[in-house]
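Here are my notes on the model. Please read them with the coordinates open.

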Amino acid sequence: MAFGIKVKLWGDYALFTRPEMKVERVSYDVITPSAARGIIEAIYWKPAIKWIIDKIYVCSPIDFTNIRRNELKSKLLASNAKSAMNGLQEPLFIDTSEDIQQRASLLLKNVQYVIEAHFEMTDAAGESDTAEKHYNIALRRLRKGQCYHCPSFGCREFPAKFELYEEEAVITAYNGEKDLGYMLFDMNYSDLDDIRPMFFRAVMRDGVIDLTESEVVQ
C-alpha cells in the first residue's frame with residue numbers, strides 16, 4: 001500500500017541544470033522529478049522507504065533571469081590521488097583563490113510548486129517498519145518544518161522553503177497544454193557500475209505534469 005502526501009515548495013531562485021549545457025548553466029523550465037525527490041528526502045528519508053514523485057503542480061509563472069556566479073574551473077582527479085599514493089608529487093587540493101572563475105547562469109526566479117508524491121516500502125524495512133509509522137513521521141516533520149538538511153532548488157545557494165499542503169485543490173499558473181521537451185527524470189542505480197540517466201517527455205497540462213502517465217526512456 002502506498003501513502004501519498006502533497007508538499008508546497010517555494011523560493012526566490014532555482015537552477016535545475018540541463019545536462020546538455022557544458023559550461024554555462026541553463027535551467028529546465030520547471031523542477032525535475034529527481035530534484036523534487038531530493039527535496040522530500042532532505043525532509044524525511046529512511047532506508048526502509050522509497051519516495052516516488054507522482055505529479056508536479058506549477059503554481060507560479062515560469063520566469064527566467066541571468067546571473068553570474070563564482071565557480072571552480074577544475075576538479076580533483078582520482079588519478080592524482082593514485083599517483084600520490086605511489087609516491088609522486090601530485091596536488092591533492094584546489095586553491096579556490098586561484099581556480100575561481102565567473103560563469104553565467106540562466107535560472108528561474110520566484111518559483112512555487114506543489115509536489116504530489118508517495119512512498120513504498122523497500123527490502124531494507126525491518127519488523128518495526130510499517131507504512132503508517134513512516135507516513136505519520138513524514139507528516140509531523142512537514143507540519144513542523146523539520147528537515148535533515150536544508151533542501152535546495154538545484155544548488156545549495158538556492159534554499160527551498162516547504163510546508164505540508166493540506167488543501168484539496170491546487171491552483172496552478174497555467175491553462176491548456178505546454179510541451180516542455182525532454183527532461184531528466186532520474187538516475188538508474190540498478191547497476192552501480194553503469195549508472196544511467198533516464199529522461200521523459202514533459203508535457204504540462206493545465207499547469208500539471210503527471211508523471212504517472214509519462215514514458216521514461218534511457
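**Notes on the predicted model**

1. Start with Thr-122. Thr-122 counts as partly exposed, at 26% relative accessibility. The model is predicted, so please treat each value here as a property of the model. Thr-122 lies in the loop between strand S5 (100-121) and H4. Leaving aside residues up to four places away in sequence, Thr-122 touches Pro-47, Ala-48, Ile-49 and Lys-50. Asp-191 is 69 residues from Thr-122 in sequence, and their C-alpha atoms are 17 Å apart in space.

2. Next, the aromatic rings. How many aromatic pairs does the structure hold? There are six. One of them joins Tyr-13 and Phe-158: the ring centres are 6.1 Å apart and the planes meet at 45 degrees, so the pair is tilted. A stacked pair needs planes under 30 degrees apart, and an edge-to-face pair needs over 60.

3. Where do these two rings sit? Tyr-13 is in strand S1 (residues 3-14), whereas Phe-158 is in the loop between helix H4 (131-144) and strand S6 (161-164). The pair therefore ties together parts that are 145 residues apart in sequence. Is each ring buried or exposed? Tyr-13 is partly exposed, with 39% relative accessibility. Phe-158 is buried, at 7%.

4. Tyr-44 and Tyr-148 make a stacked aromatic pair, with 6.4 Å centre to centre and 25 degrees between the planes. Tyr-44 belongs to the loop between helix H1 (33-43) and strand S3 (49-58), and Tyr-148 to the loop between H4 and S6. Those parts are 104 residues apart in sequence, so this pair too is a tie between them. Tyr-44 is buried at 3% relative accessibility. Tyr-148 is partly exposed, with a relative accessible area of 45%.

5. Tyr-148 also takes part in a charge-over-ring arrangement. The charged end of Arg-141 sits over the ring of Tyr-148, 4.2 Å from its centre. Elsewhere, Lys-8 lies over the face of Trp-10, at 5.3 Å from the ring centre.

6. A further aromatic group deserves a look. Which residues form one aromatic cluster? They are Phe-16, Tyr-113 and Phe-153.

7. Now the strand pairing. Strand S7 (residues 177-188) pairs with strand S8 (residues 196-205) in the antiparallel sense, over nine bridges. Within S8, Met-204 stands opposite Lys-178. S8 also runs antiparallel to strand S10 (residues 216-217), and two bridges join them. Phe-200 has Val-216 in S10 as its bridge partner.

8. Last, the largest pocket. Its volume is about 460 Å³. It is lined by 19 residues, and the closest to its centre are Arg-37, Lys-50, Trp-51, Ile-52 and Asp-186. Lys-50 is also one of the residues that Thr-122 touches.

9. Which element gives the largest share of that lining? S3 does, with six residues. H1, S3 and S7 each supply at least two residues of the lining. S7 is also the strand that pairs with S8 over nine bridges.

Technical notes:
Residues numbered from 1 in each chain as written. Predicted model: local features only at pLDDT ≥ 70, side-chain atom pairs only at ≥ 80, totals over all residues. Heavy atoms only, no water. Phe/Tyr/Trp six-rings, centres within 6.5 Å; stacked < 30°, edge-to-face > 60°. Helix = DSSP H or I, 4+ residues; strand = E, 2+ residues; numbered from the N terminus. Buried < 20%, exposed > 50% of the residue type's maximum accessible area, 1.4 Å probe, protein only. Lys NZ or Arg CZ within 6 Å of the ring centre and 35° of its normal. Contact = heavy atoms within 4.5 Å. Pairing = 2+ DSSP bridges. 1 Å grid on protein atoms, 1.4 Å probe; cavity = no way out; pocket = protein on both sides within 12 Å on 5 of 7 lines; lining within 4 Å. Points joined across faces, edges and corners; volume = space filled by probe spheres on them.
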